[in-house]
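Please consult the sequence and the structure shown here alongside the notes.

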Amino acid sequence: MLRLAFLNVFRHRGRSSIAVSAISFGVMAMMLAGGFLEWVFWGMRESTIQSQLGHIQITRADYLKKGVAAPFDYLLTDQVDTDALNSVVPELEVVTPRINFNGLIGHGDITVAFVGEGVHPEKEKQLSKIFVITEGDGLSLEDPDGIIVGRGMAETLGVQVGERVVLLANTGTGSVNGVEAEVKGLFATGNKSFDDAVIRIPIAMARQLLRVSGAHAWVMLLDDTDHTDMVLQRLRERFSGVGSQVEFIPWYERADFYTKTVALFSRQMDVVKLIIALIIVLSISNTMFMSVLERTGEIGTQMAIGVRRRKIMQLFISEGVLLGIIGGGIGLVLGVILAQVISAVGIPMPSPPGMDIDVKGEILLTWPLVGGAFALAAITTFFASLFPAWKASRLEVVNALRHNR
């Protein structure tokens, strides 16, 4: 049956070539469009992880639900048992404390509200690899009163690197405390709303300002984002028993913007898949119907000598699926080659807000994307062949034999 289907496909080379070309183009277009979105998702994900959230955060139980109203009631200890973590998580690269707080920052006659993060200067350099210092220097243990400010915040304040600002915040006891700090650098993450509102200060200064000890979260960075769920399960099994005072929060539960963006673009990609599927259906259906019309006499002869209708139907379905496999295979090869070429050249992209660097987009092909594109071609051609094959199998033998006379 497969041999006959193969011979029939290549017997009508012109028509088969048109169908294979349409399938190949659809598969290639799906791979390139999907690969570009995969690169965008990868860039957003890694930027979010390596500039803000880390892979997993350790917090007191219910901190995310109730900590906004009473942040000082949900502080962890000053130190974390890194030996215990390393024994459970060999994938761990670094774990660092953070204190989150709000307050007012003043420079000259301007005072604005800010969202503050108290971080460990040295460990944060390992975690925040995509945290770009656009002017000045980053935080340092050798400069305990130096802070860094988002570029949007700096523009609002009119502050430059080297100038001094005043920070005011509510302490753990409910009073107001203030410290004077020097702006050591300006940063940009590509997230404008984050850069417009956030400052980072050494965690020792944050504890002095808030008059507390400990941290709101210990942020973990792993060696690979794909290990997040596996490590999370291990940590919860080991440390999150009944009555546990801590919980482990994966990055995607706090990356609201990322998850909503992925959901939106994924729906748009589903529309692209639907359009490609329609192109393949129309192409294969047209090819198969033309084949049935041209081979009506041949079909009648086959049934006259005893070939069952089921076999006729199987033959035409096999031809349609074979067209899908050939077209899908050619599309995969061309898609991979084009993806490599385009990635090597780069896709010009606008610079992220507040950054003056050139960004070159790429095509990131993944096994699910490649397999999905090929499966779409094969499955769509199968369903597109069903009706023409059924029509061929329902021909009347006498009328079919008379067709070519």
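The notes below treat the strand and then the pocket.

The model is predicted, so to speak of local features a pLDDT of at least 70 is needed, side-chain atom pairs count only at pLDDT 80 or more, and totals for chains, interfaces and linings use all residues. Residues are numbered from 1 along each chain as its sequence is written, and side-chain values use heavy atoms, with hydrogens and water left out.

- β5 spans residues 146–150, a strand being a DSSP run of E of at least two residues and a helix a run of H or I of at least four, numbered from the N terminus.
- Five of the five residues in β5 are buried, that is, under 20% relative accessible area with a 1.4 Å probe and protein chains only.
- β5 and β7 (residues 176–188) run parallel and are joined by five bridges; strands pair if DSSP finds at least two bridges between them.
- β5 and β8 (residues 198–202) run antiparallel, with two bridges.
- Val149 has Leu186 as its bridge partner in β7 and Ile199 as its bridge partner in β8.

**The second largest pocket**

- The volume of the second largest pocket is about 750 Å³.
- Its lining comprises 28 residues, and Tyr63, Asn100, Phe101, Asn102 and Val115 lie nearest the centre.
- A pocket is an open set of points on a 1 Å grid where a 1.4 Å probe fits, with protein on both sides within 12 Å along at least five of seven lines; lining residues have an atom within 4 Å of a point.
- β2 gives the most to this lining, with six residues.

Terms used: Buried < 20%, exposed > 50% of the residue type's maximum accessible area, 1.4 Å probe, protein only. Points joined across faces, edges and corners; volume = space filled by probe spheres on them.
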